[in-house]
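Colleague: I would like to learn how to read the helices of a model like this one, and I would be glad if you took me through some of them slowly.

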Amino acid sequence: MIDVEKLVAAAESDAAHWDREGLPAEAIALAARSGLLGADRPAAFGGGGLDALELGRMAATVGYACTGLRSLLTVHGMVAAAVDRWGTGAQREAWLPRLATGATVAALAATEAGAGTELAGVPMTFDADGTDRLISGTKLWVTFGQAAGVFLVLGRTDGGLCTALVERDRPGVHVEPVESGLGLHGARLANIRFDRVRVPAADLIAPPGFGLSHVIGTALDHGRFTVAWGCVGLARACLDDAAAHAATRVQGGTALAEHQTVRATLGRSWADVEGAQAICERAAASRMAGSPRALIDTIAAKYAAAGTAAAVSERAVQVLGAAGCAPDSRVGRFYRDAKVMQIIEGAQEVAEVTMGEHVLRGVR
């Protein structure tokens, strides 16, 4: 059963503290008990069985309250989706109940110093040693890397790019907490060093050569979808806070809301939020229908929603003025988070190129 009401209430109350200190273990445990971490996994494995639209609306609800908490939903869901889609029967039986119930928190370890947007260039190695693999290299900026019990790791073999599930407690795994710079302060980021970590063949997800195109591709697609909906929630929260401030803030005997420029700002933001939600709903419909457009619709949804989150949060800070710059200001926190959303799971510029190629294929 999924019941996130208590979780969202805690997020609305404690999000500013979480942003300073990181999402605490008790909040992660509450997310697991609430059913958040297995929301769209099959009920047979302990998940909630939500469809894409239900999952998206949940991501928006959580994103309205706390980006760090929504990031937990996203990164854990990325790993679970990849295992569900590409894992063997034995791997699904072994891992999905743990992931769906949140008994084990998962994180995606893909980015490296020489491979961010272009993951095909990852230098991490999966060297063969009998039937095992010895994994060596360092992954950067792993969301919830400090809290995860297992990592989905991307590396290279002689047969091509490869992925494996690597448990945190394996010898040779070293977790180094790092501070987030601009936003996502609550997301417990870490760099993970793998020093000849021995991984049995049974923990490889899909054959070598399928690691990026299939396994990580599935994870990133799932991530874009929940990021998109989370951005809708973020932007709507900023709009609500700006509207509430404009309606009650009086300067020179006149409420801010009486100024046409403020009304225009709110109107423009409302139209942007409604448009972003509509394109997210289209992506959800495509995914539920199994449409070949689902991939491009999801890319477009993430692009539009991330752009909306950045624009609306910036306007909200402007409307609130000094209050929007205060240390515990929600719009200020979301303004920082929104910029990060335009980078992760595919930068805006990369999305534009992909969408442009889609347009040209249609013209032809």
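**Reading the helices**

Modeller: Among the elements that cover the buried residues of α3 are α1 (5–21), α4, α6 (211–248), α7 and α9 (330–341), where helices (H or I, at least four residues) are DSSP runs numbered from the N terminus, and contact means heavy atoms within 4.5 Å. This is a predicted model, in which local features need pLDDT of at least 70 and side-chain atom pairs count only at pLDDT 80 or more, while totals for chains, interfaces and linings use all residues. Residues are numbered from 1 along each chain as its sequence is written, and side-chain values use heavy atoms, with hydrogens and water left out.

Colleague: Which residues of α3 are buried?

Modeller: Buried means under 20% relative accessible area (1.4 Å probe, protein chains only), and in α3 the buried residues are Ala52, Leu55, Gly56, Met58, Ala59, Ala60, Val62, Gly63 and Ala65. Helix α3 (residues 52–65) has 14 residues and reaches 20 Å from its first C-alpha to its last, close to the 20 Å expected at 1.5 Å a residue, the expected span being 1.5 Å times one less than the number of residues.

Colleague: How should I read a pair of helices, and at what angle do α4 and α5 cross?

Modeller: Two packed helices are described by the angle between their axes and the distance between the axes. Here the axes of α4 (residues 67–86) and α5 (residues 89–101) come within 10 Å and cross at roughly 160°, the axes being lines fitted to C-alpha atoms over the stretch in contact, with angles from 0 to 180 degrees between N-to-C directions. Therefore α4 is roughly antiparallel to α5, a term for angles over 145 degrees. The contact is made by His76, Ala80, Val83 and Asp84 of α4 and by Gln91, Arg92, Trp95, Leu96 and Leu99 of α5.

Colleague: Is Gln91 buried or exposed?

Modeller: Gln91, which has its place in helix α5, is buried because its relative accessible area is 6%. Leaving out residues up to four places away in sequence, Gln91 touches Val83, Leu96, Ala202, Asp203, Leu204 and Ile205.

Colleague: What does Ser269 touch?

Modeller: Ser269 lies in helix α7 (residues 260–289) and counts as buried, because its relative accessibility is 3%. Not counting residues up to four places away in sequence, Ser269 touches Leu239, Val312 and Arg315.

Terms used: Helices (H or I, at least four residues) and strands (E, at least two) are DSSP runs, numbered from the N terminus. Buried means under 20% relative accessible area, exposed over 50%, partly exposed in between (1.4 Å probe, protein chains only). Angles under 35 degrees count as roughly parallel, over 145 as roughly antiparallel, 65 to 115 as roughly perpendicular and the rest as oblique.
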